[in-house]
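Subject: A structure for you to look through

Hi,

I am handing over a structure for you to explore. Please open it next to this email, and then read on for what was found.

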Amino acid sequence: MTQPRYDEQFMALALSEARKGLGRTFPNPSVGCVIVLDGKVVGQGYHHKAGEPHAEVMALRSVDASVDLSKCTLYVTLEPCCMTGKTPACTSAIERAGIRRVVVGAVDPDARVNGKGVALLKTLGVEVVVGVLQQECEFIIRGFAKRTVHKIPWVLAKWAMTLDGKIATKTGESMWITGEKARFRAHQIRNYVDAIMVGKNTAIEDDPRLTCRIDDGHDPIRVLVDARLEVPLERKILQADTSRADTIVLAASSYMEANPDAVLAREAQGVRVLAVKSDEETGHLDMDDALHVLGAQGIGMLMVEGGGAIFGSLQDAQLIDEVHTFIAPKVIGGQQARGPVLGVGASHMKDVFALEQVRCEVLTGGDVYISGQVPSMARRYVTSL
């Protein structure tokens with residue numbers, strides 16, 4: 001039986017397993033598991049895809065038949081499920097295997113589990129330790145947790161800008177503000193999110209594919225905010241053959257009702273058009289409702305790539321959870337050149353927040369990558385596991 005002093009070491013390995021599934025388990029969380037005997041890993045696994053075996057089962061399957069599982073410790077980043085869905089309950093698999101000690105990173109926020117898996121294992125006589133590397137284990141499922149608790153995705157805002165805070169010239173040119181290393185890092189982020197969202201102007205002016213262009217990369221679901229369905233049908237984001245992922249268009253419900261042909265034209269190209277509430281005066285979509293619509297689609301981790309109006313709406317409504325910014329050592333200048341976050345903004349410095357858990361990295365070529373979480377006081381929805 002593994003001693004408690006090694007628990008963090010082996011939970012860290014379980015987290016490494018969990019990261020292999022990031023972006024690929026939609027709408028399930030990414031979970032990793034390792035099985036240890038006398039300080040040695042004898043089994044490991046992670047959840048690959050919704051509908052396929054969970055991490056605990058994958059790890060148990062990898063253990064050699066000669067191993068006495070009753071003497072092993074099972075480490076899992078998320079509480080084992082105790083209900084049968086598309087796959088059998090993991091608590092049952094642990095019981096059948098004869099595992100006598102289980103170390104859990106985070107409690108499952110899903111009300112169907114939420115402590116019940118731990119309680120069931122204890123009634124079966126299993127020693128259960130909860131909360132080892134808890135923060136790290138909760139962080140890896142933050143999108144799943146927010147969607148489960150609040151019914152909306154975790155919102156990750158990403159933009160690239162110059163030293164003077166511009167994301168494009170006054171004519172709208174933005175390719176390329178940052179260098180190859182920064183763009184590669186941005187694609188790494190795309191690789192682990194469920195969906196990526198842009199606004200109408202970005203789709204029209206930049207014509208992005210919004211795919212993940214790294215080896216073995218995962219294409220996130222593409223989401224276009226287009227209240228009046230103005231983006232031309234020939235744009236790449238509306239073409240099914242430009243991505244391996246689905247495309248969702250968020251449109252004003254009132255406009256959809258008045259223009260059914262525009263909806264049908266997009267649906268004919270394989271695009272899902274979803275209705276969102278909008279402001280009657282401005283015609284802008286209600287971003288809180290938009291996020292609830294996406295949450296209902298199972299999206300837990302949403303990366304937003306602009307433009308400025310989208311970021312402004314989200315920021316004003318306190319709907320951004322995390323920020324990733326790439327800053328190039330360049331200056332565009334000019335009052336008409338665009339900034340990354342529009343909207344109303346703050347009137348006083350006392351209303352301005354600073355990011356938490358900030359990370360800063362200088363990339364090859366001089367670009368600077370800064371990331372961090374928006375503090376809880378500046379977020380409308382805060383998930384507490």
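To start with rings: those of Phe, Tyr and Trp (its six-membered ring) count as a pair if their centres lie within 6.5 Å, and planes under 30 degrees apart count as stacked. Do keep in mind that this is a predicted model.

**Aromatic rings**

How many aromatic pairs does this rule give? The count comes to four. Take Phe326 and Tyr369: their ring centres are 4.5 Å apart and their planes stand at 5°, so this pair is stacked. Phe326 belongs to strand β12 (residues 322–328) and Tyr369 to strand β14 (residues 368–373), which makes this a link between distant parts of the chain, 43 residues apart. Are these two residues buried or exposed? Both Phe326 and Tyr369 are buried. Elsewhere, ring pairs join Tyr6, Phe10 and Tyr75 into a cluster.

**Charges over rings**

Arg142 lies over the face of Phe139, 3.7 Å from the ring centre. The charged end of Arg183 sits over the ring of Trp176, at 4.5 Å from its centre.

**Salt bridges**

Searching the whole structure turns up 17 salt bridges. Lys146 is in helix α6 (residues 142–150), while Asp321 is in the loop between α12 (308–316) and β12, so the pair ties together parts that are 175 residues apart in sequence. Both Lys146 and Asp321 are buried.

Asp321 also meets Arg379 in a salt bridge (3.4 Å, N to O). Here Arg379 comes from the segment after β14, so this pair ties that segment to the loop between α12 and β12, parts 58 residues apart in sequence. Why does each count as buried? Buried means under 20% relative accessible area; Arg379 has 12%, and Asp321 has 1%.

Now compare Asp246 and Arg272, which form a salt bridge with the closest N and O atoms 3.7 Å apart. Asp246 is in the loop between β8 (221–225) and β9 (247–252), and Arg272 is in strand β10 (residues 272–276), 26 residues apart. Asp246 is partly exposed, with a relative accessible area of 46%, and Arg272 also counts as partly exposed, at 32%.

Finally, look for Asp7, Arg101 and Glu127, which a network of salt bridges links.

Enjoy exploring!

Terms used:
Residues are numbered from 1 along each chain as its sequence is written. This is a predicted model: local features need pLDDT of at least 70, side-chain atom pairs count only at pLDDT 80 or more; totals for chains, interfaces and linings use all residues. Side-chain values use heavy atoms; hydrogens and water are left out. Rings of Phe, Tyr and Trp (its six-membered ring) pair if their centres lie within 6.5 Å; planes under 30 degrees apart count as stacked, over 60 as edge-to-face and the rest as tilted. Helices (H or I, at least four residues) and strands (E, at least two) are DSSP runs, numbered from the N terminus. Buried means under 20% relative accessible area, exposed over 50%, partly exposed in between (1.4 Å probe, protein chains only). A charge sits over a ring if NZ of Lys or CZ of Arg is within 6 Å of the ring centre and within 35 degrees of the ring normal. A salt bridge is a side-chain nitrogen of Lys or Arg within 4 Å of a carboxyl oxygen of Asp or Glu.
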